[in-house]
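I give each term with its cut-offs where I use it.

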Amino acid sequence: MADRKELLGRVGSMQQLAYVRPVTYEEGRARGMRAFEVKNGPLKFSVMTDKCLDLTDVSFGGHNVSFLAKPGLMGRNHFDTNGSEAQRSIMGGMLFTCGLENICAPCKIDGKEFPMHGRIRTTPAEHAGADARWVGDDYILTVSGTMREAELFGENLVLRRKITTCYGENRICIEDEITNEGFRREPMMLLYHINVGYPLLCEDSEILIPSKKVIPRDETAAENVAYWNRMEAPRDHEPEYVFLHEMAADQEGKTFATVLNQKLGIGLKVEYDVGELPYFMQWKSVASGDYVIGLEPANSSVYGKQYHIEEKSLHEMEPFATERKRIVLTFLSGRELEIERRKAEEFRQ
């Protein structure tokens, strides 16, 4: 990569190559929703200001990487926290954040409703902002903001998020800081729902997860557990499968999950720390129209809140405690695909 002086000699504005721009959508279910559009060379993505600074459409080298559910782009609506009808407000995207008081299935505990995948995913950001600037010879693009999940006489959990990408490096780094600003111990469940879609995802794809053990969620998944690492062609009316993985990690606790497509020449690698996120679930749907792989590092199980209460394993935070999480999405091409395949094989050994 050229240094700052050389690069600036070749462009009129750095926006030829990289930018972050605020936008507001003007039609359909997304009307009025605010976002940031980010371009970093061949990598393009959108960050939803009004929905937890989550990532929606992501493309790399001109190819779509992310999944978008049937409802498409949408702002907040009355389906968001309405039990299982929350599925009508899940638009997918590259990432939507699940939590902070519940993940996965909706439930009712002690008379209180907890919607599917929680409330944080539809919480708009406060103090949202973006920046693009030189740091030495690195041109850094940043989006940041704060989301608060709070209730009168209830919880007061704050999620501060910073998303960064550097020109010339095909990576998105998501750094989260969660603080319990309340005066009581509070449950804090968190799942990063990272969704891969066509054309990166197809019959040519390989799913590389350094799993020590694969556990099917239910009987339907059990019947298909032998095929967790490959993607078939779409099939009409096919049920979803969910697999729980016990992840191998290096000496520092780092691990990953990767989707490669040699024929297309691109791939996606998700990296995180098992100490921060000890659970990993894989969502696989080959259903026509719902064709997706979900890679889901989490601090809680897909079995949900009631399960953890019964098992006395519900993750809680002390008053004014803070936890930090970091997820890195790396977009691969060329020789990197074969290198990553070899790394995955070595990692499992």
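I looked up the partner of I174 and found that its bridge partner in β23 is I327. The strands concerned, β12 and β23 (residues 322-333), pair in the antiparallel sense over nine bridges. I count two strands as paired if DSSP finds at least two bridges between them; strands (E, at least two residues) are DSSP runs numbered from the N terminus.

The model is predicted, so I noted its limits: local features need pLDDT of at least 70, side-chain atom pairs count only at pLDDT 80 or more, and totals for chains, interfaces and linings use all residues. Residues are numbered from 1 along each chain as its sequence is written, and side-chain values use heavy atoms, with hydrogens and water left out.

I next followed β12 (residues 171-180) to β11, with which it pairs in the antiparallel sense over eight bridges. Here R161 stands opposite D176 of β12. Four residues separate the two strands of this hairpin, and G168 has a positive phi near 90°.

I then turned to β10 (residues 138-150), which runs antiparallel to β11 and is joined to it by eleven bridges. S144 has K162 in β11 as its bridge partner. This hairpin has five residues between its strands, with F153 in the turn at a positive phi of about 65°.

I checked burial (under 20% relative accessible area, 1.4 Å probe, protein chains only). Eight of the eleven residues of β11 (residues 156-166) are buried, so the strand is largely enclosed by the rest of the structure.

Finally, I recorded the open sheet of eight strands, antiparallel in pairing, in the order β9-β10-β11-β12-β23-β19-β18-β15. β9 (126-135) and β15 (205-208) are at the edges with a single partner strand each, so one side of each is left without a neighbour in the sheet.

Key:
Buried means under 20% relative accessible area, exposed over 50%, partly exposed in between (1.4 Å probe, protein chains only).
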